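Work through each task before reading its solution.

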There are 2 protein chains.
Amino acid sequence: MNLKCIAITLASLWIGGCCYAQTSARDIKDDFKPSPLNQPGKEYPQVNSQGYARFKVFAPQADSIRVSLGLGGQGGTLLTKGADGYFTGTTSGPMDEGFHYYHLTIDGGVFNDPGALNFYGSTRWESGIEIPAKDQDFYALKEVPHGNVQQILFPSKSTNTSRRAFVYTPPGYGKNATKYPVLYLQHGWGEDETAWSNQGHANLIMDNLIAEGKCKPFIIVMTYGMTNEIKWGNIRSFKIEEFQTVLTDELIPYVDQHFQTIANRDNRAMAGLSMGGMETHTITLNKSALFGYYALLSGGIFNSEELKDKPKPKLVFLSCGSKERPEGVMNAVAELKKTGYNAVSFVSENTAHEFLTWRRSLRELAPLLFH
Amino acid sequence: MNLKCIAITLASLWIGGCCYAQTSARDIKDDFKPSPLNQPGKEYPQVNSQGYARFKVFAPQADSIRVSLGLGGQGGTLLTKGADGYFTGTTSGPMDEGFHYYHLTIDGGVFNDPGALNFYGSTRWESGIEIPAKDQDFYALKEVPHGNVQQILFPSKSTNTSRRAFVYTPPGYGKNATKYPVLYLQHGWGEDETAWSNQGHANLIMDNLIAEGKCKPFIIVMTYGMTNEIKWGNIRSFKIEEFQTVLTDELIPYVDQHFQTIANRDNRAMAGLSMGGMETHTITLNKSALFGYYALLSGGIFNSEELKDKPKPKLVFLSCGSKERPEGVMNAVAELKKTGYNAVSFVSENTAHEFLTWRRSLRELAPLLFH
């Protein structure tokens, strides 16, 4: 690690979900490339090898464009208008590796960057940008056998709708009568059932782990977890009962009926990120006869007291980013181990409450499941 | 049909892809509802029972917002800024029923409407709006058994990538060893492999037809057809060879290996809309031993001369909207019938070169396939 890297690391601050270091313009390397999440053929936004992001947006009669990514205290990155009608600007510091949501504020209104693909987060389709991570290989699209991601529509009497879920089936699924374990995997607040595939690359992480022989092939089921609440600020009024009913009385029976599953506790896991972790925590405690493996990704902890009168989980997995509060996860796992539980912690280096933390968490979790 | 309806119909003009009639403001019914394609919880854009669309966009410091939908000659619908910072406006006439792409021009720059979902068209993710059609029931999400739409990643040596396709499998697929015929179904210019599910509701059309016993269950495969050209204006430089290789040498063998297909000509169809029709025309003629059924949806015609030295197709299906040039389709089918071919035409009433034409075309085509 050279001196500049150390200086950046020491100066980095936790601000509004992203991490920035103050660096003068002359230190910014001129090796910007289009973000891997741009719309086809779009040159901007761009990212350089240090993690700076650069934006370029055409709006010749606009007065002001601000990008929501940037130093939080200063309200993101204010772009500068050029004579050619393009607004351009660069974040004031390098951003954390991995995926970030963002949007543009154009003359006071919130819009997406026409250069970037959109991802559902914050209860809206937001622009997305990817700062290539040093370890990006584990979620890259490679020449390996690929599983499929299926959109299913399952009947839900409790909500009187056909509900959508995505089901990852591993390579080779359906070629013979082999049955597979199932992981139920939840998104975070403001996201939906598309998040783990689109932002998380859960399917590619699994394809790569399976190709390397690092994990057993299993099915992953992802559905929408905010059944009774989608508005900002009302997370406290969220009630688990409605989603629990959809998941345990409707989705699980549907999946066990329509897919080649091993339909028992030892072959059923539940995991979730952030608010999905909260849901996982509550539902696995309420329905501990259903799930054998519990995982909370930046989503709280379990303690031995709440587990003690229930069927023992085969694994409790707790993770978060190093820029969150890893002590909580570490201490909880230490306490669980001391009281006789199979508990594992994982801390994602140099990441916060964002998707690279959760991609890495899935990479660490998957090999521990269903043994 | 009352007098007003007749007046609207007579006055309607083909302008820029949509049809409008001049109607004074006092005739606009005040029964606007959010478009069915809005983002979760978003009130605008809205549509009334006559097919007018109303827009409302917040951008308090912007000078000008124009919606690309509206009277073509006048450059769409210019919104009016209110004291509350919202720009609002209504199309100057009713729009054709069905799906329309659109975008906003905000102070000279092109952005999407933050209220609407996005759909890939015109080689970018555009905003989408749905004018509810009188016959919308055939593509509605109903309480019937649902098939799945699977994302597959198939290896393509010719393009040196893993390529994406979506595969519709009918209800019950995979429960036993039953094998199914396959329709290869192509999107139009500037769209991609998401179009037939997202804009076209191909899966729901099939679910509903199958539930009513109107068509045989079959598989639909949808992949990206613009393998060597995505830029505006260069459609003439498009060469079929690259896509034909992907489709016939790579995708079809992959599907036949990984899905329960009946892998022969009599159980393989190809169809496409617009540019996808052009591709279907060329590829079925080049590879007539592979496909038994050909369908061009607003995508040109076949004549008996070009078919005469080839294995005879079991069906030639040609369709378009009544606001396109239906004579071409009707005449071509008459000529094919006269020369001994099983040819069927379909003209979608009161629609142009847009997705309601193609949803209806699929509804008409599917029952004719694989008999």
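The model is predicted.

**Exercise 1.** List the buried residues of helix 4 of chain B, and state what covers them.

Solution. Buried here means under 20% relative accessible area. The buried residues of this helix are Ile240(B), Phe243(B), Gln244(B), Val246(B), Leu247(B), Thr248(B), Glu250(B), Leu251(B), Ile252(B), Tyr254(B) and Val255(B). Their cover includes strand 15 (148-156), strand 16 (161-169), strand 17 (182-186), strand 18 (219-223), strand 19 (268-273) and helix 5 (275-286) of chain B.

**Exercise 2.** Compare the span of helix 4 of chain B with the expected one, and locate the bend.

Solution. Helix 4 of chain B covers residues 240-258, 19 residues in all. From first C-alpha to last, helix 4 reaches 26 Å, close to the 27 Å expected at 1.5 Å a residue. The bend, about 35°, is at Leu251(B), and Pro253(B) follows within four residues.

**Exercise 3.** Describe how helix 3 and helix 8 of chain A cross, and name the residues that meet.

Solution. Two packed helices are described by the angle between their axes and the distance between the axes. For helix 3 (residues 202-211) and helix 8 (residues 355-365) of chain A, the axes come within 10 Å and cross at roughly 35°. The crossing is right-handed. Ala202(A), Ile205(A) and Leu209(A) in helix 3 meet Arg359(A), Leu362(A) and Arg363(A) in helix 8.

Definitions and conventions
Residues numbered from 1 in each chain as written. Chains lettered and ligands numbered in written order. Predicted model: local features only at pLDDT ≥ 70, side-chain atom pairs only at ≥ 80, totals over all residues. Heavy atoms only, no water. Helix = DSSP H or I, 4+ residues; strand = E, 2+ residues; numbered from the N terminus. Expected span 1.5 Å × (residues − 1). Bend = angle between axes of the 7 residues up to and from the residue. Buried < 20%, exposed > 50% of the residue type's maximum accessible area, 1.4 Å probe, protein only. Contact = heavy atoms within 4.5 Å. Axes fitted to C-alpha atoms, helices over the stretch in contact; angles between N-to-C directions. Left-handed = near helix turned anticlockwise from the far one by under 90°.
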